[in-house]
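Please look over the model below before reading the comments. They are meant to be checked against the coordinates, point by point.

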Amino acid sequence: MLARKRPRLLPVYDNVVKCLLGSPSHFWLPLHTALRADGNALHHTLLDLRKRAGVPEAVSALRVCDIVLWMAHCEDHRSSRCPGHGTLSP
């Protein structure tokens, strides 16, 4: 709910993302560090993806990251090929 209310501040961390990334003791701080590393390289890559996909500029880089992570894992997660399938609440 917080990610929806503050989309430029907090990433989505739903069951699909949790299953993909595991359950790190900290999620937001390492993501923040990754977005700022190497002169904000990941941040710029996400903005480039947004532009190439034709997504409006109102969509933040953080939301693009959410989309990429979710799309990378949602099919495997739903199809029971995921080792975490059924272990997390829907």
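The points below go from the whole chain to a helix pair, one histidine and the salt bridges.

1. Overall make-up. This is a predicted model. The protein chain contains four helices and zero strands, and read from the N terminus its elements follow the order α-α-α-α.

2. Burial and surface. Of the 90 residues in the protein chain, 27% are buried. The chain exposes about 6,500 Å², and 60% of that area comes from carbon and sulfur atoms. Among contacts with a separation of 6 or more, 51% join residues 24 or more positions apart.

3. Helices H3 and H4. Helix H3 covers residues 28-53 and helix H4 residues 61-78; their axes come within 9 Å and cross at roughly 80 degrees. An angle from 65 to 115 degrees counts as roughly perpendicular, and H3 and H4 are therefore roughly perpendicular to each other. On the H3 side the contact is made by Leu31, Leu35, His43, Leu46, Leu47, Leu49 and Arg50. H4 contributes Ala61, Leu62, Val64, Cys65 and Val68. By class, the residues of this contact are ten nonpolar, one polar and one charged.

4. His73. Leaving aside residues up to four places away in sequence, His73 touches Val16, Cys19, Leu20 and Cys82.

5. Salt bridge in H3. The search of the whole structure returns two salt bridges. One of them joins the side chains of Arg52 and Asp48, with an N to O distance of 3.1 Å. The two residues are four apart in helix H3, so about one helical turn separates Arg52 from Asp48. Arg52 has 62% relative accessibility and counts as exposed, while Asp48, at 37%, counts as partly exposed.

6. Asp66 counts as buried because its relative accessibility is 7%. Arg63, at 15% relative accessibility, counts as buried too.

Terms used. Residues are numbered from 1 along each chain as its sequence is written. This is a predicted model: local features need pLDDT of at least 70, side-chain atom pairs count only at pLDDT 80 or more; totals for chains, interfaces and linings use all residues. Side-chain values use heavy atoms; hydrogens and water are left out. Axes are lines fitted to C-alpha atoms, for helices over the stretch in contact, and angles run from 0 to 180 degrees between N-to-C directions. Angles under 35 degrees count as roughly parallel, over 145 as roughly antiparallel, 65 to 115 as roughly perpendicular and the rest as oblique. Contact means heavy atoms within 4.5 Å. Ala, Val, Leu, Ile, Met, Phe, Trp, Tyr, Cys and Pro count as nonpolar, Asp, Glu, Lys and Arg as charged, and the others, Gly among them, as polar. Buried means under 20% relative accessible area, exposed over 50%, partly exposed in between (1.4 Å probe, protein chains only). Accessible areas come from the Shrake-Rupley method with a 1.4 Å probe; for residues, only the protein chains shown count as cover. A salt bridge is a side-chain nitrogen of Lys or Arg within 4 Å of a carboxyl oxygen of Asp or Glu.
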